[in-house]
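Me: I am new to this structure. Could we go through it in questions and answers?

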Amino acid sequence: MSEEIARITWQPKSKAPSSSSEESEESSSSSDDCTSKNRRHAHIERASLGRAREPNVSKAASTLCLSSDASPEDHFDWMALGLQGPWLPLASDDKSLGASTVKDQLPLPLKFPSIASYVSMFQKLVGEEVKAVLLSDWERFKAEQDSSSQALTESQDSRAQSSRWQMRSMVQTMGDPFHYFEAQWMEGPNVNFDVGEFLCITLPETKEVKAVAIVHYQGRNQAPLLRTRVPWGSSLGKCVLLRLCNMVSLRRMYLAVSTISDIFSPMQQQILDPLANIKFLRPQTTLGDTVDGDTRIELSFEFLRTFNDRKRLNTSQLLSISCLLHMRQGFQLVQGPPGTGKTSTIIGMVSSLLIEEPSVRILVCAPSNAALDEVAARLVNRMLDKSGDFYSPVDGAIVRFGSKRVIHPLVHSISLDTLCARIPSSSHRSKSWVDLLDGASVVCATLSGCGNTTFDELENKFDVIIVDEAAQAVEAEVVIALKRVRGRCVMVGDPRQLPATVFQRPSAAYGRSLFERFEEGGVPVLVLNTQYRMHPSICLYPSRQFYGGALKDSVRVSSMQSIFTDEVCVGGIIIRGCRFKLGHYCFMDVGWGTEREELVGHSRANFEEALVVCNVVESVVKGLISGLKPNVGVITPYIAQRGVIEGQLARRGIDSTACEVNTVDGFQGREKDVIVLSCVRAMADRGLGFVSDERRMNVALTRAKYSLIVVGHAETLQKWSPTWGSLIDDAQQRGCYQVLTNKRNQDTSSRNWRQNHPQKDFCGSMEIDIKCQHSRKRGSNCTEERLQKKMGYTKPIAS
């Protein structure tokens, strides 16, 4: 358990940081021992709350009230603990503080007239997200209860339902609006909680929720201290502490937007008005003539000319770096479509800044640990010197801030824990953290991690911040990191790909990124336009549909050869009665597929389509050129479909090393040699749900390097989405459209297509009896209906 909370001194009328340094994997921060000074402060703080006792106070004295000048952290906790919902059916003392504050959201304005209007808007939006997160997690908890009637084992009890605690009230402190309880462990697993976790205090026998709490303090070998709005005089007794979610990241967002006045003034002005500092964004790089569609640039820095001559970076990448070097303050936007080298551009930016300004301090951020480690791993051994050679920085020049348990092993060498271990006789490790961070030229941290109180102790702010995947971060999250910089900010991302994951509905206001607001507000965007991932046949449609045809193919992808044998590309291959051809790009129409909905939850699956997908994967594995190892990914929008496909592939002996199955979100920022996309939706009168989301569609279509195979119900896709309709039309015009049929059911969409397109090649016939396929195995009499019931699905949705 982390002890950064030793720095959390309770001061209701000041801006005391209140967050844990060891949190969930979604938000990374460092965790380790703290200094003796901070240990002493933590002991004094806990002692100031008095001894545990059962107070006997008058009813008049039992009312809790938050003062108007309380800190943002106190305002956040007060708001979160007062929210009404199924997790807290009992009314609180003041419903107005906990009630939903944004009923009918207005569009988020492009600019704000004042700091007060900005703070008011985003405090409400963050509050709505808190309520939505709580509701989502409560519903997930109830679904877990409904789906499992057996007793939980200790390893399965992630919500700590097996433990029992005795709640002891702490003596009230003057001016403190909260009622604190010390939770003394009684029986079951002795669980450690993280600071910031939101808990439901329930009765062991009836499971009734008596109150809610936020973990305020959790020391090593000490009982957790819980913050509540329970009226004084109330007794909780023996309880279960049910984990719901961690509030650290949301609390940091709330604090950041509440104290936006602390941000470097020119950046603060541009946050309110995107065009306030537009003069600082004018590129001073000279554009030369256009030759063969490629704009030549005259670079004013010699080392950039060297990078260009040695082909380390392309024209658009060098242009974005040159603009950054000429900029002195404000924001720069760099859009990186799929495969255009966003990470290489960021490495080039960091390298160039250190060459031109050796004393510069750079903060590199991303919304997730995975995205950040992708950049950090490249920084470890792919930095560029002024001669264009690659090198690895010396120890301590680059530091990865965060808990080692959530950092990728490739980055462990630059983690704080590893670097601290190399410092001899380090008894004050937290102080060593500060020294390491102050001495580093480059610090890598998640956006939420920048809200860790360790950053408050640094001697100086950073000169430049580079935010990767900026379009996947909500604005409030970026503001956390902006408080740590005093000069320039580069936001690298792609608003045409997946946005941030947001729970509240509608999500338009809170979910819009700062990148998108600046782009809509008129801030110039530099676009990386050369792609290095996809075969030209794969890139053609996404480039035209999502990027106005701006993407150019690099020399390497233009010369890509097929990874399949000529036999499966020309003559086709038959897998379990299903015949089709493989190639760089194709759409396979499975017209007889039927979508089904989960009994618990809202996910969907299409068994018939799943079987076709598995046939395609099997054909890919068998049809590869000799010597090549299968590197296949199956993308589907629905978790339920993922489970069905994984099960079928396992039965065929195809493991995850050969083929990975995941959702669209799981493949963001990644690539595979071959991608098979399962669209699932197959009811012409039911719509497409989020399958029609163009940003999800863009991500799914741009993960493949050598071959992209889309499997779907063409009639449904065409009816409900113009974009999907144009993709299918494009595939037909390019001869990349195949119709598969089930001879037992002679699908009408197949017949109609053949009647309407007699000149097109009709490729594929499927001779599969779904009900009999499983019974072909010796001793098996499993039917489709029984299989579906076993896996938790309803009957096919009625048309």
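What follows is a set of questions and answers on a predicted model.

Me: In what order do the strands of the open sheet of six strands stand?
Reply: The six strands of this open sheet pair in the parallel sense. From one strand to the next the twist averages 20°. The order is 26-25-27-28-22-29.

Me: Why is one side of strand 26 and of strand 29 left without a neighbour in the sheet?
Reply: Strand 26 covers 659-663 and strand 29 covers 737-740.

Me: At about what angle does helix 16 run to strand 28?
Reply: Helix 16 is made of residues 536-546 and lies across strand 22 and strand 28. Strand 28 spans 704-712, and the angle between helix 16 and strand 28 is about 60°.

Me: Is helix 13 largely enclosed by the rest of the structure or largely open, and how many of its residues are buried?
Reply: A residue is called buried at under 20% relative accessible area. In helix 13, residues 475-482, the buried residues include Glu 475, Glu 477 and Val 478. Helix 13 is therefore largely enclosed by the rest of the structure, and the count of buried residues is eight of the eight.

Me: Is the ring pair of Phe 301 and Phe 303 stacked, edge-to-face or tilted?
Reply: A search of the whole structure gives 14 aromatic pairs. For Phe 301 and Phe 303, the ring centres are 5.8 Å apart and the planes stand at 40°. Planes under 30 degrees apart would count as stacked and over 60 as edge-to-face, so this pair is tilted.

Me: Over the face of which residue does Arg 227 lie?
Reply: Another arginine, Arg 229, lies over the face of Trp 78, 4.1 Å from the ring centre. Arg 227 is 3.9 Å from the centre of its ring, and that ring belongs to Phe 178.

Me: Which residue in strand 5 is the bridge partner of His 179?
Reply: Strand 2, residues 179-187, runs antiparallel to strand 1, residues 164-169, with six bridges between them. Strand 2 is also joined by four bridges to strand 5, residues 225-228, again antiparallel. In strand 5, His 179 has as its bridge partner Thr 228.

Note on methods
Residues numbered from 1 in each chain as written. Predicted model: local features only at pLDDT ≥ 70, side-chain atom pairs only at ≥ 80, totals over all residues. Heavy atoms only, no water. Pairing = 2+ DSSP bridges. Helix = DSSP H or I, 4+ residues; strand = E, 2+ residues; numbered from the N terminus. Axes fitted to C-alpha atoms, helices over the stretch in contact; angles between N-to-C directions. Contact = heavy atoms within 4.5 Å. Buried < 20%, exposed > 50% of the residue type's maximum accessible area, 1.4 Å probe, protein only. Phe/Tyr/Trp six-rings, centres within 6.5 Å; stacked < 30°, edge-to-face > 60°. Lys NZ or Arg CZ within 6 Å of the ring centre and 35° of its normal.
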